[in-house]
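Welcome! Let us walk through this protein chain together, starting with its overall make-up and then visiting a few places in it.

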Amino acid sequence: MAAGGARDSSAECPPSTPLCHGFLGKKDADFLAFLLAILYGCAMLPTMESTSFSLPDDVAALKQIIATWEDRYAKDTGFLREQIRLLRSQIFGRKSEKVMGCVVDQVPLFDEVAPEEPEEQEAAEITISSHARKKPGRRPLPENLPRVEVIHDLAEEEKTCGCGCMKSRIGEEVSEQLDIIPARIQVLRHVRYKYACRQCEGVEDDGPTVAIAPVPVQLIPKSIASAGLVAYVLTAKFVDALPFYRQESQFKRLGLEISRATMCNWTIKVATICLPLLELLRRENRSGPLINVDETTAQVLVEPGRAPTTKSYMWIFRGGDPSRPALEFQYHQSRCGDVASAYLRGYKGYVQTDGYAGYDFLDHSPNVVHVGCWAHVRRKFVDVIRAAGKIRPQNKTGIAEEAVARIGRIYAIERSMRERKLDPDLVYQERQEKVRPLLDDFHEWLKRQAPQTPPKSLLGKAISYALHQWKRLVRYLNDGRLRPDNNLAENAIRPFVVGRKNWLFSGNPEGAKASATLYSLIETAKANGLEPYWYLRRLFERLPFASTEEEYRGYCQVFCVKYS
């Protein structure tokens with residue numbers, strides 16, 4: 001209670017669930033929900049010093065007050081229990097958003113119920129149409145792998161038949177095994193021959209007395225790292241999510257000492273050299289009809305004027321020609337919409353994002369059509385199902401299940417069109433015929449459910465989110481090149497998220513910017529079907545010879561011919 005009898009605004013909302021550790025069981029979680037509800041109720045009750053509150057003497061009035069508080073308690077604890085069930089599902093449950101019959105509660109490990117004896121039924125004849133059966137067995141090993149033959153032959157005495165004659169070889173039986181050769185390190189010795197004239201000893205020549213071949217151009221001058229080694233280190237870090245300290249241990253096992261600080265320096269130097277290529281990538285990114293935007297958190301320890309625990313962000317912009325996409329990562333200290341606004345300044349076309357409020361400025365941009373994401377809508381209804389905390393009867397379908405099923409029917413049509421590889425015009429036509437009626441019906445259904453659903457519940461928030469985003473959600477119907485969701489950007493930023501779980505943080509802003517540059521090149525290569533290691537190796541071999549924009553385009557094309 002604030003001074004003067006005014007109620008503290010922080011007590012108006014139930015406290016958030018502090019279940020941040022994965023050691024609370026179901027009973028502990030339920031007790032925690034009860035305790036939080038009691039604390040919340042105490043915070044809402046007026047204090048005894050309040051002169052405006054007094055209990056009546058009438059029994060009926062007292063019963064009415066108790067009934068009112070019981071209803072309020074049940075409602076508030078219901079919200080709290082819902083939050084706890086969702087959080088427990090996020091900690092202990094399946095990460096997949098695929099809705100199954102039972103996804104919430106874990107199957108008990110003990111006290112299993114004995115299965116009932118099946119009822120005897122008469123055998124029925126079932127006619128199965130003919131179909132092609134797959135032959136069981138191990139898949140053959142790839143033909144492109146080199147083969148090393150290991151001959152297993154009989155001893156000479158075993159080749160002699162009992163009749164005294166030598167047995168003839170009539171065939172062979174071949175079986176194959178996979179073998180692997182660990183990474184092998186070699187040293188490239190650059191030998192430059194010197195030449196001099198023994199006749200005149202260089203007196204008759206205006207040039208130098210001793211002639212020697214020029215020093216070969218290197219990616220990192222005066223460094224022991226070749227283009228292949230740098231490509232190997234960066235592929236392990238940014239593709240396989242292997243931190244530098246683990247690579248340091250690997251090199252030690254191979255008999256080589258390369259410190260993590262050295263690998264960090266290589267990364268920053270190579271990223272600086274690749275900046276002109278990144279500028280070309282940005283132009284390609286902004287030249288396409290659509291840009292997908294997303295962001296995720298990043299931890300940077302040493303930032304000027306900021307605490308080490310302050311959150312920073314890694315942004316991704318995916319655009320370019322749909323047949324050869326381009327991706328650019330950018331590190332920023334802020335998640336505000338100014339980052340996206342600066343990148344999209346002057347851009348004309350579609351921009352697809354999630355429902356984060358920082359993207360609301362796109363709705364007022366005259367040259368941009370803001371498209372929403374159906375995956376985020378579906379995810380909120382899936383959270384409602386997870387937070388239910390029990391398995392619904394098979395003959396009963398809740399509102400959240402119905403919403404997920406409706407969205408599933410829309411995605412089934414999209415999947416069918418992708419499998420048939422329809423061109424954008426046919427996709428647009430089929431969406432108008434099949435998808436738009438489903439969406440119109442879904443919209444009316446959501447509007448009928450909204451007044452009947454508590455707005456503070458997860459279901460109420462899911463319905464409110466869908467209705468608030470509706471104009472953006474249906475805009476993908478207007479162009480066959482668009483997709484219903486922003487999954488292309490989310491899938492592209494996932495390698496960074498996986499890597500973040502391993503290396504945890506960047507040391508300084510320079511390291512974070514270098515990571516963004518290299519993620520841009522690697523994820524663009526992967527999106528265009530290129531193998532990351534060989535792409536980086538070829539790129540680093542050519543990069544030192546480029547100095548003008550034309551040379552960068554010629555030697556360092558991002559969208560080059562595929563190679564292995």
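A residue is called buried when its relative accessible area is under 20%, exposed when it is over 50%, and partly exposed in between, using a 1.4 Å probe and protein chains only. Keep in mind that this is a predicted model, where local features need pLDDT of at least 70, side-chain atom pairs count only at pLDDT 80 or more, and totals for chains, interfaces and linings use all residues. Residues are numbered from 1 along each chain as its sequence is written, and side-chain values use heavy atoms, with hydrogens and water left out.

**The whole chain**

The protein chain has 16 helices and seven strands. Helices (H or I, at least four residues) and strands (E, at least two) are DSSP runs, numbered from the N terminus. Of the 564 residues, 36% are buried. A contact means heavy atoms within 4.5 Å. Among contacts with a separation of 6 or more, 67% are between residues 24 or more positions apart.

Helix α14 is mostly covered, with 15 of its 19 residues buried. From first C-alpha to last, α14 reaches 26 Å, close to the 27 Å expected at 1.5 Å a residue; the expected span is 1.5 Å times one less than the number of residues. At the N-terminal end, N508 caps α14, with a side-chain oxygen 3.2 Å from the backbone nitrogen of E510. Just after α14, G529 takes a positive phi of about 80°.

Now turn to helix α9, which covers residues 399–420. The buried residues of α9, among them Y411, I413 and E414, pack against α8, α10 and α11. Just after α9, K421 has a positive phi of about 55°.

What does V435 touch, not counting residues up to four places away in sequence? The answer is I410, I413, E414, E430, Y476 and L477. V435 sits in helix α10 and counts as buried because its relative accessible area is 0%. V435 and Y411 are 24 residues apart in sequence, and their C-alpha atoms are 9.2 Å apart in space.

N292 lies in strand β3 and is also buried, with a relative accessible area of 2%. The side chains of N292 and N486 are joined by a polar contact of 2.9 Å. A polar contact is a pair of N or O atoms within 3.5 Å; within protein, one must be able to donate a hydrogen and the other to accept it, and residues adjacent in sequence count only if both atoms are side-chain atoms.

**Salt bridges**

A salt bridge is a side-chain nitrogen of Lys or Arg within 4 Å of a carboxyl oxygen of Asp or Glu. By this rule the count is 25 salt bridges, including these:

| Pair | N to O distance |
|---|---|
| R147 and E176 | 3.1 Å |
| E284 and R324 | 3.5 Å |
| E541 and R537 | 3.4 Å |

E284 counts as buried because its relative accessibility is 18%, whereas R324 is partly exposed at 36%. E541 and R537 are four residues apart in helix α15, so about one helical turn separates them. Salt bridges that share partners also join E279, R282, R283, E328 and E549 into one network.
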